[in-house]
Amino acid sequence: MSRFLIISNRLPVQINLSEDNIEVTPSVGGLATGMMSVSKSSDSLWIGWSGIDKEKLSDDQRKMVNHALKEENAVDVHLTQDEVELYYEGFSNKTIWPLFHYFNQFVIYEEEQWQAYQQVNQKFADVIAENMEGVDKIWIHDYHLLLLPQMVKKRFPDATIGFFLHIPFPSYELFRILPWRNEIIRGMLGADLLGFHTFDYERHFMSAVRRLLGYDININEINLPRRIVKVDNFPMGIDYDKFHNMALASQKRSVREKSEVRKELERYYLLYPETKFILSIDRLDYTKGIINRLLAFEYFLKEYPEYRDKVTLVLLAVPSRIGVEQYQQMKSEVDETVGRINGEFSSINRTPIWYFYRSMPFENLVDLYNYCEIALITPIRDGMNLVAKEYIASKTDGRGVLILSEMAGASKEMSEALIINPNNKAQIAQAIKKAIEMPLDEQIERNTVLQKRLKRYDIEKWATDFLSALDKVRQNEQKYLAKKLTEANKNRIIEELKESNNRIFFLDYDGTLTDFYDNPQHAKPDAELYSLLDQIAEDPNNRVVLISGRDRQTFEEWFGDKPYTLIVEHGVWIRSAGSDWEMIEQLDDTWKEKIRSSLEFYVDRTPGSFVEEKNYSLVWHYRKSDPELGLNRAIELKDELTSLVANLNLEILEGNKVIEIKNRGINKGRAAQKLLQLNPADKIIAIGDDWTDEFLFSALPPDAISIKVGMANTLAGYKVENYEEVRDLLKEIIDGEQGLTD
Ligand code: GDG
């Protein structure tokens with residue numbers, strides 16, 4: 001049976017240690033719940049750090065922990081105290097966390113912490129390796145393990161790896177600051193599928209990949225030299241029914257069964273029926289905007305004194321990362337600010353802020369969600385923010401108003417909330433006023449839409465969507481592997497070629513026989529390539545046809561004295577060995593003047609780009625330009641030219657970082673067919689990398705051998721990875737043919 005591994009920094013279990021007893025209980029977190037539903041349908045194992053220092057345990061205790069973890073299908077990655085400090089509190093929470101949340105002022109760059117981060121990621125890879133038997137899928141979670149996908153891929157190239165980032169991925173301008181930015185991106189690219197909460201994080205990641213590593217990106221696929229990595233957004237949901245049903249159950253409880261929190265809220269409400277409770281819940285983290293929230297609340301009390309006696313802010317700050325300095329400082333700042341506001345605005349009977357610095361049992365949390373009329377959630381940055389979703393799910397009668405920061409990923413799906421900028425005190429204060437005054441039917445109307453959405457896209461749907469996307473990536477990989485040129489296929493091709501005495505080789509040039517260069521003139525053939533082509537052409541049973549989008553002059557210069565047939569400009573011109581250039585079809589080039597000025601306008605606005613003029617086409621090259629600007633301009637240019645090219649009977653060919661405008665209907669396939677009509681061959685082999693080579697593949701008879709260079713979809717029968725593999729194949733063909741003649 002196939003197994004499925006879930007990897008996260010912390011295991012989803014709570015371990016309570018006492019002298020002679022160890023209690024391991026599943027944790028109630030969203031991720032754990034979400035995974036529960038998917039793990040039920042497969043044999044899954046969760047790998048992570050248990051949070052306890054096993055070195056401090058006796059042998060018996062250690063055995064008990066291991067046994068208990070086994071019962072929960074969990075395996076512990078043991079971390080030493082030093083590793084916790086350097087990898088967890090250090091690199092994860094003092095470098096990645098602040099940087100990815102745009103708190104650049106808090107980021108520290110410590111080589112020692114970076115080393116520990118690598119080591120611990122490696123430790124995780126080792127534990128994964130020990131548990132790989134029968135595993136077909138691995139899902140890695142979050143910013144503590146950014147290097148892990150690549151480490152696992154290296155050891156298990158056939159494993160299907162998914163990675164999900166629970167925090168934002170920052171804009172490239174920020175990410176580039178990190179000294180180890182390339183290593184981090186490479187680490188992540190070890191995954192086959194990368195998931196983010198929102199499209200913005202996804203596009204920031206893509207931008208970093210494009211700019212730092214220069215890989216080509218095709219909508220949401222990254223073309224690595226050997227693999228395709230799929231990137232997508234999967235906004236994480238919550239266990240909607242769990243919150244909703246718990247809230248319903250809580251309302252039905254008798255007075256005796258009610259939680260203390262609920263009793264207290266109800267008691268207060270009886271005394272002060274006009275009171276509106278404003279709820280604020282987060283881990284005590286600087287990203288959550290707790291200080292801003294308090295200042296905005298203070299501003300509200302000052303600005304709208306008529307509401308002073310009618311609101312209470314319930315502030316629940318859950319202790320978090322207490323070992324990290326900024327968190328300790330923040331705790332003091334929150335304490336002081338709460339004290340100041342309460343000092344200024346309290347009366348004998350009323351305190352404006354009820355402040356709790358602790359975590360609460362799940363039931364109490366839901367009581368707070370269910371009871372409080374308003375939720376004030378104002379993070380400065382937040383990957384998603386599940387509290388906002390949980391609040392809405394717990395509003396059983398549809399009443400309640402959510403005020404939500406536009407900086408939380410959740411705001412992208414919750415536009416029915418009152419969306420605010422967390423740095424705008426006045427706007428937050430107005431939103432509080434609006435929330436207090438909002439008519440009930442409007443509250444219900446907004447919440448009904450939100451609830452419907454949250455119920456539909458819940459945590460289970462999120463997890464299954466991610467996993468089915470991962471399965472799809474795997475299927476695509478298999479499709480690729482199915483076409484991959486294996487040794488057996490190669491031998492068959494060589495045998496087939498041997499059997500013929502009239503063979504034709506259609507070979508594209510750039511990307512097929514050589515690499516790509518920023519300056520196309522640098523792709524000049526080297527000695528090895530000349531020698532290969534010469535050896536093939538030497539055999540009187542072979543005809544070498546170089547078929548390219550290049551211009552006549554360049555090919556003339558490079559191959560003028562060679563016994564090859566040359567087809568250039570995508571099939572406009574042909575030159576057989578020893579003959580003059582001929583046009584394959586009569587064409588007109590008077591249209592060029594009408595197009596040239598548009599292209600020149602784009603050259604002026606896109607540094608690094610240039611126009612190449614061929615006899616019957618004009619080409620705008622942007623390989624040397626900023627990759628994103630180039631891509632945007634290419635889209636604009638195509639748009640601008642659309643009607644012009646239709647009127648002039650031209651077409652736009654989009655190649656690898658080029659836009660080419662040429663006469664309609666001229667392509668490599670048509671040129672190859674014309675050549676074959678005049679010079680029939682009984683064995684055809686065609687190799688190309690670009691989508692313009694697809695015309696060639698589609699025009700050839702079914703028994704032709706066609707080979708695509710690269711990962712993209714193709715009509716060709718086989719795929720190879722790169723031009724080097726093409727050269728190796730040509731060498732083997734030559735050796736095979738010599739075997740025949742010997
Ligand atoms: C990270 C990202 C992203 C809170 N207090 C108590 C309590 N909680 C539970 C909530 C909620 C969870 O903790 C907090 O989740 P958030 O999403 O709000 O924030 P982070 O912890 O920062 O999580 C975040 C998330 O990952 C998922 O991808 O949304 O952006 O930063 O579920 O209910 N639970 C209990 N008592 C408490 O006092 N029982």
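## The protein as a whole

The accessible surface of the protein comes to about 31,900 Å², and carbon and sulfur atoms hold 47% of that. Accessible areas here come from the Shrake-Rupley method with a 1.4 Å probe, and for residues only the protein chains shown count as cover. What you are looking at is a predicted model, in which local features need pLDDT of at least 70, side-chain atom pairs count only at pLDDT 80 or more, and totals for chains, interfaces and linings use all residues.

Along the principal axes, the C-alpha atoms fill a box of roughly 105 × 65 × 45 Å. The protein has 25 helices and 29 strands. Both kinds of element are DSSP runs numbered from the N terminus, with helices being H or I runs of at least four residues and strands being E runs of at least two. Of the 742 residues, 56% are buried. Buried means under 20% relative accessible area, exposed means over 50%, and partly exposed lies in between (1.4 Å probe, protein chains only). Among the contacts with a separation of 6 or more, 70% join residues 24 or more positions apart; a contact means heavy atoms within 4.5 Å.

## Four domains

How is the protein divided? There is domain 1 (3-233), domain 2 (240-456), domain 3 (484-585 + 667-734) and domain 4 (592-663). These bounds come from an automatic or database domain assignment.

Take a look at domain 3 and domain 4 together. Their C-alpha centres lie 26 Å apart, and 18 residues of domain 3 are in contact with 15 residues of domain 4.

## Around the ligand

Which residues come nearest to the ligand? Of the 21 residues around the ligand, they are H166, M360, D382, M384 and E390. Here a residue is near a molecule or strand if one of its heavy atoms lies within 4 Å of it. The shell divides into twelve nonpolar, five polar and four charged residues. In this scheme Ala, Val, Leu, Ile, Met, Phe, Trp, Tyr, Cys and Pro count as nonpolar, Asp, Glu, Lys and Arg as charged, and the others, Gly among them, as polar. Domain 1 and domain 2 each give at least three residues to the shell.

Some of these residues make polar contacts, meaning pairs of N or O atoms within 3.5 Å; within protein, one must be able to donate a hydrogen and the other to accept it, and residues adjacent in sequence count only if both atoms are side-chain atoms. A side-chain N or O atom of D382 is 2.5 Å from an oxygen atom of the ligand. For E390, a polar side-chain atom also sits 2.5 Å from a ligand oxygen, whereas M384 uses a polar backbone atom, 2.8 Å from an oxygen atom of the ligand. Taken alone the ligand exposes 730 Å², and the protein buries 82% of that. The elements giving two or more residues to the shell are β12 (276-283), β13 (311-318), α13 (362-371) and α14 (386-393).

D367 has its place in helix α13. Is D367 buried or exposed? D367 is buried, because its relative accessible area is 0%. Not counting residues up to four places away in sequence, D367 touches S250, S259 and R262.

D136 belongs to strand β6 (residues 135-141). With a relative accessible area of 22%, D136 is partly exposed. Leaving aside neighbours within four places in sequence, D136 is in contact with S2, R3, T160 and R474. From D136 to I291 there are 155 residues along the chain, and their C-alpha atoms are separated by 46 Å.

## A few spots in loops

Y102 is found in the loop between α3 (81-100) and α4 (111-130). Y102 has a positive phi of about 70 degrees although it is not a glycine, and its relative accessibility of 27% makes Y102 partly exposed.

N385 lies in the loop between β15 (374-377) and α14. The phi of N385 is near 90 degrees, a positive value in a residue other than glycine. N385 counts as buried, because its relative accessibility is 6%.

Finally, S18 is in the loop between β2 (13-17) and β3 (22-26). S18 is partly exposed at 37% relative accessible area. In sequence S18 and Q61 are 43 residues apart, and in space they are 9.8 Å apart, C-alpha to C-alpha.

Terms used:
Residues numbered from 1 in each chain as written. Heavy atoms only, no water.
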